[in-house]
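Below are some notes for a colleague who will have the model open while reading.

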Amino acid sequence: MASRKISDLTPEMQQKAVDFLQVAKQRGVDVLIYCTYRSPEEQARLWRQPKSTAQVIRGSELLRTKYGRDDLADILMSVGPQNGPKVTNALPGQSLHNYGLAFDCVPMVGGKLQWSKRCELWQVIGECAELAGLEWAGNWKTFVEFPHVQMPGVNWRNLI
């Protein structure tokens, strides 16, 4: 299971997460950070939802041949089939969660999570992230992910 602890982020990302929460509080928005660090095993489990065997083999070969990461390919194969909806495009090693450089969050109203994409609080979340010096995936062009916030200017390709 992925961590919810801010302390599991890198020191710089920890500070930015605290700054983000302070900005959100100042703006009157209650936010729950529900995912910080994600192990390669957890990333593999999430990515495999709901992948076919052929897709998993292709993902494993990509990790082995393009990135030279037999260890991550082995993890991808070892976690076994997973049930559930698609939640990520990132193989193990391809998410900034795997490096403590990202978190997922959700706004709350009266203690209730506000998952609806029509909720205007998501835009406030994005503004708070930017004010804290972070990148909000709700502004991405190809794959929009409202809960995802990450360190700007960092590319997993340089970390894998």
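1. Gln-94 has a relative accessibility of 11% and therefore counts as buried (under 20% relative accessible area, with a 1.4 Å probe and protein chains only). This residue sits in the loop between helix 4 and strand 2, and, leaving aside neighbours within four places in sequence, Gln-94 is in contact (heavy atoms within 4.5 Å) with Leu-62, Tyr-67, Asn-89, Trp-156 and Ile-160.

2. Please bear in mind that this is a predicted model, in which local features need pLDDT of at least 70 and side-chain atom pairs count only at pLDDT 80 or more, whereas totals for chains, interfaces and linings use all residues. Residues are numbered from 1 along each chain as its sequence is written, and side-chain values use heavy atoms, with hydrogens and water left out.

3. The axes of helix 1 (residues 11–26) and helix 5 (residues 121–131) come within 8 Å and cross at roughly 130°, the axes being lines fitted to C-alpha atoms over the stretch in contact, with angles from 0 to 180 degrees between N-to-C directions. Phe-20, Val-23 and Ala-24 of helix 1 make this contact with Ile-125, Cys-128, Ala-129 and Leu-131 of helix 5.

Technical notes:
Helix = DSSP H or I, 4+ residues; strand = E, 2+ residues; numbered from the N terminus. Buried < 20%, exposed > 50% of the residue type's maximum accessible area, 1.4 Å probe, protein only.
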